[in-house]
Amino acid sequence: MEKRKLDNLGVDTSLLGFGCMRFPVKPDGLIDQAQSQQMIDYALANGVNYIDTAYFYHDGESESFLGEALKKHDRQSYFLATKLPVWILKDRQETRKVVEEQLKRLNTGYIDFYLLHTLDRKKWDVVLKNDILSILEELREEGKIRYIGFSFHDEYSVFEEILQYRKWDFCQIQLNYMDTEEQAGIKGYHLAEDLGIPIIVMEPVRGGALANFSEEMNAKFKALNSQASIPSYALRFVGGLPNVKVVLSGMSSMEQVQDNIKTFSSFTPLSEGENRVIQEIKETMQARVQNGCTGCGYCMPCPQGVNIPENFKVWNTYHMYQKFEAIRFGWAGIGRKAKANNCIQCGLCEEKCPQKIKISEDMPRVWADLNEGKWK
Ligand code: SF4
Ligand code: SF4
């Protein structure tokens with residue numbers, strides 16, 4: 001198993017991390033514990049030493065399941081990461097209550113990597129207002145958490161502000177070969193590298209979207225190596241960046257665990273030829289984008305409440321990947337009143353758009369492609 005050194009912390013992590021948000025489930029929606037236990041055991045036996053969960057994964061069941069599943073493993077043999085759901089905290093003292101609850105669920109005396117979960121502008125303001133970081137420092141002194149970091153989902157400028165606020169032990173960002181310019185992106189990766197802050201990568205396969213393409217595109221990967229799986233290229237892309245210390249994969253079956261372990265046991269970064277194929281795939285997908293919305297937001301606010309950039313982002317993503325799975329969360333995240341069908345074609349937004357996008361003409365196209373009737 002490929003290992004990476006976190007120089008600032010003096011520890012070695014396995015480059016493959018086990019993400020615990022997508023365990024196999026039974027028909028009632030609860031975790032299939034027997035199968036998941038086997039997956040965890042197999043991963044640990046094959047050198048994985050980083051396990052990542054969160055307070056809300058599997059509606060809270062992920063942490064309690066791990067509390068049981070990890071009992072038979074030596075606590076020193078793996079690093080446990082979990083996250084603070086900042087948005088449920090009513091006041092500063094609740095942080096302590098949540099951490100105590102997590103320790104109990106996880107059946108452990110300490111958490112190795114503790115993250116402020118999914119920080120964005122709003123949640124970061126809550127962290128500062130409630131002085132949550134000072135409580136985390138207290139918990140660290142008490143030995144209940146070891147390293148303090150955060151996971152992130154917002155624009156680059158917010159990432160830069162948070163990253164430079166203090167000397168973080170690590171941070172977790174979304175990164176994959178398609179989204180190098182999204183959120184923290186590759187620019188954020190380099191900033192962290194310059195500051196000596198190790199990176200944990202989440203969504204390296206973009207929630208499965210980079211695991212399977214059209215027949216023609218799949219064939220390009222298979223021509224490189226008929227034995228290698230398509231998601232393995234996405235994992236090797238991020239794993240090839242030296243300041244990436246853990247690549248999290250939310251594994252749902254034993255086949256995925258085995259395939260990932262194969263990738264990381266004899267890890268090699270992408271070759272020039274492989275990078276070229278990925279670049280071609282990327283260009284093919286980018287050519288499917290419907291309009292050139294950059295998400296700048298200059299067109300906002302819309303008097304009808306339409307979230308113009310988000311509708312276009314989801315619409316363009318849908319066309320790039322040509323599957324609803326790629327946009328399930330993005331589309332659900334746009335409130336009913338902010339979706340494209342609320343546009344009355346007044347045209348007020350169009351003169352503010354530097355890209356000269358015919359917003360009023362595109363909104364009905366967005367709705368025609370993505371309205372709920374299409375999903376059935
Ligand atoms: S054209 Fe549509 S999206 Fe633009 S301001 Fe008018 S209602 Fe809003
Ligand atoms: S102004 Fe134009 S480019 Fe910017 S978010 Fe609005 S539609 Fe997109």
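Student: Which residues does R166 contact, leaving aside its neighbours within four places in sequence?

Tutor: In this predicted model, R166 is in contact with L133, E137 and I148, where contact means heavy atoms within 4.5 Å. Residues are numbered from 1 along each chain as its sequence is written, and local features need pLDDT of at least 70, while side-chain atom pairs count only at pLDDT 80 or more. Side-chain values use heavy atoms, with hydrogens and water left out.

Student: What makes the pairing of the R166 and E137 side chains a polar contact?

Tutor: A polar contact is a pair of N or O atoms within 3.5 Å; within protein, one must be able to donate a hydrogen and the other to accept it, and residues adjacent in sequence count only if both atoms are side-chain atoms. The R166 and E137 side chains are paired at 2.5 Å, so the distance meets that cut-off.

Student: Which residues of α10 are called buried?

Tutor: Buried means under 20% relative accessible area (1.4 Å probe, protein chains only). M254, V257, D259, N260, I261, T263 and F264 are the buried residues of α10. Their cover includes β3, α1, α9 and β10.

Student: How many residues around ligand 1 are nonpolar, polar or charged?

Tutor: Seven are nonpolar, four polar and none charged. Cys, Ile and Pro count as nonpolar, and Gly as polar; C302, I308, P303 and G347 are among the residues there.

Note on methods
Chains are lettered from A and ligands numbered from 1 in the order in which they are written. Buried means under 20% relative accessible area, exposed over 50%, partly exposed in between (1.4 Å probe, protein chains only). Helices (H or I, at least four residues) and strands (E, at least two) are DSSP runs, numbered from the N terminus. A residue is near a molecule or strand if one of its heavy atoms lies within 4 Å of it.
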